[in-house]
Amino acid sequence: MADSTVILNGPSIQRALTRIAHEIAERNEEKGDVVLVGIHSGGVPLARRLCALLSGIWGQPVPFGQLDVGMHRDDLANRAAPAMEPTVIPFDVSGKTVVLVDDVLFSGRTIRAAMDALNDFGRPHRIQLAVLTDRGHRELPIKADFVGKNVPTALTERVLLRLTEMGDSVDEVVLEKP
Amino acid sequence: MTWNRKHLLDIESLSPDEINTVLDTARAFKAVGARAIKKVPALRGKTVVNLFVEPSTRTRISFELSEQRLSADVINFSADASSLKKGETLKDTARNLEALNADFIVMRHSASGAPHFLARVTNASVINAGDGAHEHPTQALLDMFTIRERKGRVEGLNVTILGDILYSRVARSDIWALKKLGANVTLCGPSTLVPRAFEQMGVRVTHNVEDAIRDADIINLLRIQHERQRKTMFPSINEYITLFGLNRARLTKTKPDALIMHPGPINRGVEIDSEIADCGRSVILEQVTNGLAVRMAVLFLVNGGKGPQEIVGDQPAPEKPKVKA
């Protein structure tokens with residue numbers, strides 16, 4: 001078994017999400033125009049939690065969508081076809097501020113694919129990015145607007161999110177060394 | 001999630017896991033069909049040849065639209081216009097298509113096994129769109145998708161296939177898929193079209209329609225394929241309608257939530273009464289819609305290269321492992 005360290009436990013994940021929710025509220029004064037879109041798979045339950053927190057701060061429901069970038073990946077020819085979930089964005093994103101939510105920001109390729117996929121649902125006024133962890137090693141000029149925790153990593157390490165919503169027994173983010 | 005195949009030639013060689021992988025992937029593609037812009041870039045720059053050596057309208061149109069929605073370039077090659085009429089062998093046709101850099105060949109052929117042969121002589125991915133009376137794998141997959149979507153599962157359901165089984169590639173593919181996913185399959189029709197030999201596939205064979213549909217959760221009707229029958233297999237169409245046609249009287253003796261399926265084209269008034277074809281229990285048009293999603297899923301899956309399937313977080317492209325010292 002690989003050597004692994006817990007870098008965020010349950011309470012610290014929830015504290016990070018609460019802070020991100022307040023930062024989103026601070027950055028976006030026009031609260032009716034903000035929508036959250038979680039990226040499969042880890043980003044979806046995180047976006048749901050952020051949605052609940054933001055709805056509490058603003059006192060009104062925040063629209064929620066989920067997006068799978070599988071069909072928009074730039075490496076489809078080099079890998080086996082990825083498992084995919086349906087993309088469900090039940091509202092028009094045109095003119096909205098879309099906050100993309102993901103668990104781990106790494107190469108940035110998933111975010112590029114997500115922005116590409118989002119195009120087919122309208123023309124957002126702006127897109128912002130919220131991630132629970134940023135582990136560095138970007139391969140594209142992409143930067144997160146809201147970060148739960150910056151985690152310096154080696155390329156060979158893996159950052160894994162576990163959440164009870166995904167069938168895990170605890171909430172935690174783990175750094176696995178090979 | 002399991003898929004490492006370059007071709008889709010039949011259902012017989014697929015594992016239950018592989019069938020479920022297609023169905024799961026198709027769920028994502030069905031959502032694409034429901035939005036304003038129904039196109040994704042997954043096969044951008046790839047070339048698909050639809051090689052329909054046997055005439056087909058609906059399957060070809062379904063494949064063509066699926067390919068276009070995946071952003072592939074599409075060439076249609078039909079029996080009438082092609083050089084096959086001029087004496088070219090299938091192997092030479094395939095070689096010529098390969099010289100055009102075709103990445104996929106979707107083939108319908110009147111000879112059983114033709115796609116398997118094609119897969120051996122070409123580098124392109126081959127998808128069987130129906131070969132003789134052998135198999136029609138994408139039809140079976142879309143049937144499984146439709147059943148799973150409506151009933152939540154396939155396992156344990158009673159599925160009756162009613163009609164011309166002997167000449168039906170749809171029936172063979174459906175039987176394989178249903179058995180692999182754990183359904184109880186009953187075949188019914190005139191004894192000349194539903195021989196007992198099918199019992200070797202692990203299904204029940206009956207020639208009594210009331211007995212066949214009484215406990216069915218799904219009634220899958222098949223058209224009488226006059227074009228494939230070399231001799232008269234039953235005395236008259238009228239007799240077939242009387243003995244096997246699905247009508248309102250027969251439908252009242254089935255489970256109230258039994259669904260009616262048909263791969264099309266339907267012959268109204270023969271295997272199915274016209275009013276039944278349009279009733280709320282008929283999912284015939286849903287099958288057509290689901291066919292697009294399933295065919296997109298199949299093209300997407302066979303396009304996959306050899307590599308890891310699992311994606312954890314936002315991983316970089318796996319082909320360049322540059323490790324820092």
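This is a predicted model: local features need pLDDT of at least 70, side-chain atom pairs count only at pLDDT 80 or more; totals for chains, interfaces and linings use all residues.
View 1. B:Cys188 takes part in no disulfide, and the cysteine sulfur nearest to it, that of B:Cys279, lies 19 Å away. B:Cys279 is likewise in no disulfide, its nearest cysteine sulfur being that of B:Cys188, at 19 Å. B:Cys188 counts as buried at 0% relative accessibility, and B:Cys279 is buried with a relative accessible area of 17% (buried means under 20% relative accessible area, exposed over 50%, and partly exposed in between, with a 1.4 Å probe and protein chains only).

**View 2. Strand S4 of chain A and its surroundings.** Strand S4 (residues 97-105) of chain A has nine of its nine residues buried, so it is largely enclosed by the rest of the structure; strands (E, at least two residues) and helices (H or I, at least four) are DSSP runs numbered from the N terminus.

**View 3. Strand partners of S4(A).** Strand S2 (residues 34-39) of chain A runs parallel to S4(A) and is joined to it by five bridges, where pairing requires that DSSP finds at least two bridges between two strands. Within S4(A), A:Thr97 is the bridge partner of A:Val34. S4(A) also pairs in the parallel sense with strand S5 (residues 126-134) of chain A, over eight bridges, and A:Gln128 in S5(A) is the bridge partner of A:Val99.

**View 4. The β-α-β unit of chain A.** S4(A), helix H3 (residues 109-118) of chain A and S5(A) make a right-handed β-α-β unit, right-handed meaning that, with the strands pointing away from the viewer, the path from the first strand over the helix to the second runs clockwise.

**Notes.** Residues are numbered from 1 along each chain as its sequence is written, and chains are lettered from A and ligands numbered from 1 in the order in which they are written. Local features need pLDDT of at least 70 and side-chain atom pairs count only at pLDDT 80 or more, while totals for chains, interfaces and linings use all residues; side-chain values use heavy atoms, with hydrogens and water left out.

Key: A disulfide is a pair of cysteine sulfur atoms within 2.5 Å.
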